[in-house]
Amino acid sequence: MFVRLFLFTTGLLSFLYFLFPASFERFDIIKGDVLGIEKRNAQVNKPTIDTMLMAYCINEGSLPKNLNDLYGEYLREERKLDLDKLYIYKVTDEDSCEYTIAPKSSG
């Protein structure tokens, strides 16, 4: 009985978090980090960010100074996601749009 109650409760909380992540913002331990979901998804999101960097470079002719410029601050304002906090990003050659990017360690 206890296991069923535990599974029901955690499932319900997960479902509510999925539907309304902003309502869980007050439980953040670190400002801007929504229950650790950013760190868990940093490696998964890297190919998408690589694609966006190449598209940005093609459209603008150069790379952005920081990753949040990719989306015009949309992620930070609307989704509470700070890409500069999650990744180590450095432009190595601005003329040929070369860069390095790696997820920051969680520790």
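What average pLDDT does the protein have? I looked this up before anything else. The average is 76, and 73% of the residues score at least 70. pLDDT is the predictor's confidence in each residue, from 0 to 100.

**Ground rules.** I am reading a predicted model, where local features need pLDDT of at least 70, side-chain atom pairs count only at pLDDT 80 or more, and totals for chains, interfaces and linings use all residues. Residues are numbered from 1 along each chain as its sequence is written, and side-chain values use heavy atoms, with hydrogens and water left out.

I checked residues 32-38. Their pLDDT stays under 50. The model still gives this stretch 21 contacts beyond four places in sequence (a contact means heavy atoms within 4.5 Å). Where pLDDT is low, the predicted coordinates should not be read in detail.

**Core.** Next I looked for the largest nonpolar core. I found 14 residues in it. A core is a set of buried Ala, Val, Leu, Ile, Met, Phe, Trp, Tyr and Cys residues joined through side-chain atoms within 4.5 Å. Buried means under 20% relative accessible area, exposed means over 50%, and partly exposed lies in between (1.4 Å probe, protein chains only). Ile49, Leu53, Leu63, Leu67, Tyr87 and Ile101 have the most contacts inside the core. At least two core residues come from each of α2 (37-60), α4 (83-86), β1 (87-93) and β2 (98-103). Helix α2 gives the most, with 3 residues. Helices (H or I, at least four residues) and strands (E, at least two) are DSSP runs, numbered from the N terminus.

Which residues meet in a salt bridge? The side chains of aspartate 50 and lysine 46 do, at 3.2 Å, N to O. A salt bridge needs a side-chain nitrogen of Lys or Arg within 4 Å of a carboxyl oxygen of Asp or Glu. By this rule I count 1. Both partners lie in α2, 4 residues apart, about one turn of the helix. Lysine 46 counts as buried because its relative accessible area is 18%. Alanine 55 is also placed in α2. Its relative accessible area is 29%, so I note it as partly exposed. From alanine 55 I went to leucine 70. They are 15 residues apart in sequence and 9.5 Å apart in space, C-alpha to C-alpha.

**Helix α1.** I looked up leucine 13, which lies in α1 (residues 2-19). Leucine 13 is partly exposed, at 46%.

**A loop.** Last, I turned to cysteine 97. It sits in the loop between β1 and β2. Cysteine 97 is buried, at 11%.
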